[in-house]
Amino acid sequence: MLPLLRTVRGLFRRDLRVLAYHRVRDVAREFAFDRALVSASPARFHSQMRHLRDRFHPVSCREVVAALDGGPALPRDAVLVTFDDGYDDNHAVAFPILRELGVPATFFVATGHIDSGMPYAYDWVAHLVVTMSDARLRLPELAIDVPLPADRDARHALTGTVLDRLKYLDDAGQQGVIDELQARCGRPRAAGHVDCRPMTWDQLREMRDGGMEIGGHGVHHRMLAKLPDEALLAEVSECQARLTAELGAPAIAVSYPVGGPDAYDARVIDAVRAQGFRIGFSYINGVSVPDDANRYGLLRVAVEADVDQSWFQGILAAPELFSHATKLRVYPS
């Protein structure tokens, strides 16, 4: 059935499937960061990439840009593999699998975290909620005042609500909640943690030399559309400057941190275009027929941990039927 769906769909659409990953790793019981960002186990990712290589046409961002600029058209069944944020398991686990199978991928990195080695702020919030010793979780800015469950799985579930409501706030509000929670727990992000480390520039250079592409994801992984003009420009320009300085050439592609409809807008697109990025990716589920009108708002299909091999094959064959719906943030009234 899936090969038939793929064939019939291909008769009517010549589009680009863009897969969006975050982390590839095994998750032990004691893992105390955002489980929702673990997209696949190593074994499952290997199976996914082997299927992609054997049945579809993996492409790079450079090929997408070339097609947009009037060069060779993308092949039918073109698939682009992308990763957001820049976790070190991208280098340790995903990169060797991609290199073995000959599948190119683009890794969008938050350059400030590559420079500092600090965990990502949203991840640290999840970590504090999962591990804190308080009897209740009180975050009045997020309309949260609930008992903290003893069960680790229940705490992980609670982090989804916390992060969803946090991302609804403007940038100053988000930073205030993050700072207050760190102070209350007495564990600043600077302490770091082995389970939430960014890659290094040396690792990124190795991946670039191994056929991977490195793209921009801001400096501090802040929601760009929620920033005032000056801070927005700094996030975009400093990201491109660091990528150019460390990797020897400007990045051509950017993905917008968080990436939903409230994470980028016309101001953001103007800023990334002005800094030399040639294409931009959202985190809105769907597939795009790339053209000049949408080159800075290309859709992606999120791959998450509950996607088994059959589901993954369905995503590639008919993404409209098998992909997750885009999550929209709704703050409680």
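I took buried to mean under 20% relative accessible area and exposed over 50%, with partly exposed in between (1.4 Å probe, protein chains only). The model is predicted, so local features need pLDDT of at least 70 and side-chain atom pairs pLDDT 80 or more, while totals for chains, interfaces and linings use all residues. Residues are numbered from 1 along each chain as its sequence is written, and side-chain values use heavy atoms, without hydrogens and water.

Helix α10. I took helices as DSSP runs (H or I, at least four residues) and strands likewise (E, at least two), numbered from the N terminus. I looked up the buried residues of α10 and found Leu232, Glu235, Val236, Cys239, Gln240, Leu243 and Leu247. They lie on the same side of α10, because their arc around the axis is only 110 degrees, taken from the directions from the helix axis to the C-beta atoms. On the other side, Asp229, Glu230 and Ala245 are exposed. I noted β6 (106-109), α9 (201-209) and α11 (266-274) among the elements that cover the buried residues. Just after α10, Gly248 has a positive phi of about 90 degrees.

Cavities. I searched the whole structure and found 2 cavities of 30 Å³ or more. A cavity here is a set of points on a 1 Å grid over the protein atoms alone where a 1.4 Å probe fits but cannot get out, and lining residues have an atom within 4 Å of a point.

Key
Contact means heavy atoms within 4.5 Å. On a 1 Å grid over the protein atoms alone, a cavity is a set of points where a 1.4 Å probe fits but cannot get out, and a pocket is an open set with protein on both sides within 12 Å along at least five of seven lines; lining residues have an atom within 4 Å of a point. Grid points are joined across faces, edges and corners, and a volume is the space filled by probe spheres set on the points.
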